[in-house]
Amino acid sequence: MLTRNCLSLLLWVLFDGGLLTPLPPQLQQTLATEPRENVLHLPGRRLHFQRVKRGWVWNQFFVLEEYMGSEPQYVGKLHSDLDKGEGTVKYTLSGDGAGTVFTIDETTGDIHAIRSLDREEKPFYTLRAQAVDIETRKPLEPESEFIIKVQDINDNEPKFLDGPYVASVPEMSPVGAYVLQVKATDADDPTYGNSARVVYSILQGQPYFSIDPKTGVIRTALPNMDREVKEQYQVLIQAKDMGGQLGGLAGTTIVNITLTDVNDNPPRFPKSIFHLKVPESSPIGSAIGRIRAVDPDFGQNAEIEYNIVPGDGGNLFDIVTDEDTQEGIIKLKKPLDFETKKAYTFKVEASNLHLDHRFHSAGPFKDTATVKISVLDVEEPPVFSKPLYTMEVYEDTPVGTIIGAVTAQDLDVGSSAVRYFIDWKSDGDSYFTIDGTEGTIATNELLDRESTAQYNFSIIARKVSNTLLTSKVSILINVLDVNEFPPEIAVPYETSVCENAKPGQIIQLVSAADRDLSPAGQHFSFRVSPEAAIKPNFTVRDFRNNTAGIEARRNGYSRRQQELYFLPVVIEDSSYPVQSSTSTMTIRVCRCDSDGTILSCNVEAIFLPVGLSTGALIAILLCIVILLVIVVLYVALRRQKKKDTLMTSKEDIRDNVIHYDDEGGGEEDTQAFDIGALRNPKVIEDNKIRRDIKPDSLCLPRQRAAVEDNTDIRDFIHQRLQENDVDPTAPPYDSLATYAYEGNGSVADSLSSIDSLTSEADQDYDYLTDWGPRFKVLADMFGEEESYNPDKVT
């Protein structure tokens with residue numbers, strides 16, 4: 001019966017040329033339902049003219065897993081139509097497990113499994129069978145492929161792969177509330193039998209929870225389970241295969257279920273009256289006691305809010321909740337005084353913050369308790385009338401001027417006198433003093449607001465009856481300003497104006513700065529100084545908001561005519577006494593484009609068209625300098641007087657040797673060696689000082705004897721040598737001339753402007769106009785006298 005249900009037959013088709021043709025699927029399904037033996041028939045060889053012979057084909061075999069028999073497990077049989085039982089056919093087997101798992105009898109074609117198989121390890125094997133002629137070793141037919149399936153048995157128990165489980169469900173949940181779904185897996189074949197059919201059940205955890213046997217869903221089974229009674233539950237779940245029948249395999253897991261809290265309990269005070277004792281010296285805001293209401297709930301469900309019920313003394317105290325301990329902290333809102341009142345009584349209410357509407361019917365979730373506070377008498381230090389004293393004093397106030405006073409009192413029943421002291425740890429003790437009895441504060445030094453604008457120090461009040469009881473208060477003294485400094489223009493002091501500026505155009509906004517502390521409503525006014533208000537090129541427009549604008553008054557400016565303008569601006573403040581100052585604004589004329597963008601403010605731009613570079617400017621200026629040098633030399637040569645020559649002959653022979661390794665003494669340095677002078681002694685100037693030595697203002701000129709005509713040159717030189725030998729101040733006459741000083745200079749005068757007696761303004765350059773149009777710019781430059789005066793105020 002098993003063989004008939006597990007095996008299916010397929011029909012071999014006739015093959016042409018040794019190829020196996022598969023059957024149509026419809027025919028395979030029809031034949032698979034017919035019972036056959038566990039035999040695989042292989043089609044035999046046929047001639048091409050023979051008629052096709054039909055055969056039956058088995059495409060799969062079955063073998064039981066975990067077979068424990070002593071003999072190899074029989075699987076099936078291979079048989080070929082060409083096998084006539086004469087022993088001439090040999091059967092071979094290849095593929096998955098051939099020779100290791102499965103063996104074949106080469107003569108009979110019987111297939112056996114030689115070891116135990118596990119379906120969970122490998123569910124099927126694909127093999128190939130073939131019939132071979134035993135003598136020729138040639139295949140009688142092509143290979144035929146078939147499958148051997150491992151038939152499952154129930155050898156695996158269900159397993160909970162995700163266990164153990166952790167779940168939670170709110171307390172007080174109704175019956176059937178969902179908790180968790182568990183799932184077990186079985187490795188057996190789910191398509192064969194009941195080996196993988198799992199049923200769930202609870203082994204431990206009744207009667208609190210139940211489980212669906214098919215789905216594994218766990219639900220609550222009892223109503224009103226209270227977390228405050230029991231919070232943790234451990235449930236043992238079993239999964240059994242074979243549909244839960246006897247003999248099935250089972251697996252278990254543990255589910256830990258926690259009941260989560262809900263706000264089902266109101267807060268309750270453990271007692272109805274709380275007694276507290278508070279010293280009267282307790283500071284405001286300090287905690288004077290704690291009370292607590294108990295709530296068995298957990299987390300936010302146990303959060304409690306405390307409130308003081310309005311009544312006797314409730315306005316002196318406040319209560320807040322400690323978030324960590326859920327206690328009510330009572331704090332002091334106002335100071336206590338034992339002499340005024342010795343006890344206070346009020347009620348405190350505790351309630352839950354987060355209410356659950358499902359439990360409103362259980363009653364109000366609040367409770368009330370009475371708090372009684374007893375005030376304890378404490379000897380207190382003096383109390384100042386103010387927590388902070390603020391005073392004001394003008395700078396430069398005379399020393400000893402009283403600027404304020406402090407007051408402290410002893411509020412105890414037996415009132416004591418109070419003495420005042422400046423805290424010596426502060427910085428204000430050297431600038432101020434205090435009267436120890438009256439508490440008046442006076443200046444001790446002259447104050448300067450610009451040095452220190454505020455003083456902050458402390459005053460100590462001490463009881464005479466108990467010097468250990470002291471109190472301290474802060475003193476803040478503001479030094480008021482006296483208008484000492486005039487306002488000044490804030491930067492910039494220099495601005496620019498375009499050559500194409502229009503009348504009324506604002507070229508610069510200015511503001512004022514004052515070193516004094518400007519009081520509220522301080523106002524600065526701006527105006528032009530009176531001396532510059534007559535026909536000004538610029539004026540000042542006061543906007544009356546502590547700013548002003550520099551306004552152009554002309555239609556266009558020329559840098560060639562004037563490059564800089566100076567505008568004196570008067571600024572006044574509004575304090576008492578009024579202080580004012582005059583600041584001079586420097587206004588530079590610049591070349592701008594049509595939009596007002598400044599292109600150049602340099603002097604070189606006056607003579608250059610737009611676009612010239614600095615190199616081009618330098619080249620033009622160099623040419624101008626060269627032309628000026630030429631002009632000056634020409635003028636100097638014209639004014640130079642003609643010198644008388646001592647010799648008219650052009651063949652003047654000089655017999656002296658001249659060295660040029662040092663500087664000469666000018667154009668007259670060769671006079672002492674002029675042979676022409678030796679030949680014509682009449683032209684020798686009388687009392688002429690030599691050029692080769694530095695003249696001495698104290699020495700009188702030497703008297704030389706006249707040389708008579710036709711005197712021999714040798715006698716003349718000898719006479720000159722004797723004269724020089726007699727004169728101790730003169731060097732040897734026959735030595736080389738030295739030029740250790742500069743001569744009187746050329747008759748053409750010096751070309752340098754240094755030490756010049758005449759200025760450039762004294763020169764007459766009118767002749768430049770006669771040189772033609774090429775020198776017109778040069779003639780305009782030196783022909784016009786610009787009356788530029790940088791000190792002139794415009």
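How many residues does the largest nonpolar core have, and which have the most contacts inside it? The largest nonpolar core has 24 residues, a nonpolar core being a set of buried Ala, Val, Leu, Ile, Met, Phe, Trp, Tyr and Cys residues joined through side-chain atoms within 4.5 Å. Phe 269, Phe 317, Ile 330, Val 348 and Val 371 have the most contacts inside this core.

The model is predicted: local features need pLDDT of at least 70 and side-chain atom pairs count only at pLDDT 80 or more, while totals for chains, interfaces and linings use all residues. Residues are numbered from 1 along each chain as its sequence is written, and side-chain values use heavy atoms, with hydrogens and water left out.

**The core**

- At least two core residues come from each of strand 18 (273-279), strand 19 (287-292), strand 20 (304-309), strand 21 (317-321), strand 22 (327-332), strand 23 (343-352) and strand 24 (366-376); strands (E, at least two residues) are DSSP runs, numbered from the N terminus.
- Not counting residues up to four places away in sequence, Val 371 touches several residues, among them Phe 274, Ile 291, Ile 330 and Val 348 (contact means heavy atoms within 4.5 Å).
- In soluble globular proteins, nonpolar side chains tend to be buried together.

- An open sheet is formed by 3 strands in the order 19-22-21, with antiparallel pairing; two strands pair if DSSP finds at least two bridges between them.
- Strand 19 and strand 21 are at the edges with a single partner strand each, so one side of each has no neighbour in the sheet.
- Strand 21 and strand 22 are joined by 5 bridges, and Phe 317 has Leu 332 in strand 22 as its bridge partner.

**Asp 410**

- Asp 410 sits in the loop between strand 28 (408-409) and strand 29 (418-422).
- Asp 410 counts as buried because its relative accessibility is 6%, where buried means under 20% relative accessible area (1.4 Å probe, protein chains only).
- The side chain of Asp 410 has a polar atom 2.9 Å from the backbone nitrogen of Ser 416.
- Lys 463 makes a side-chain to side-chain polar contact with Asp 410 (3.1 Å); a polar contact is a pair of N or O atoms within 3.5 Å, and within protein one must be able to donate a hydrogen and the other to accept it, with residues adjacent in sequence counting only if both atoms are side-chain atoms.

**Val 179**

- Val 179 belongs to strand 12 (residues 178-181) and is buried, with a relative accessible area of 7%.
- Leaving aside neighbours within four places in sequence, the contacts of Val 179 include Val 169, Phe 209, Ile 218 and Ile 257.

Notes:
Helices (H or I, at least four residues) and strands (E, at least two) are DSSP runs, numbered from the N terminus. Buried means under 20% relative accessible area, exposed over 50%, partly exposed in between (1.4 Å probe, protein chains only).
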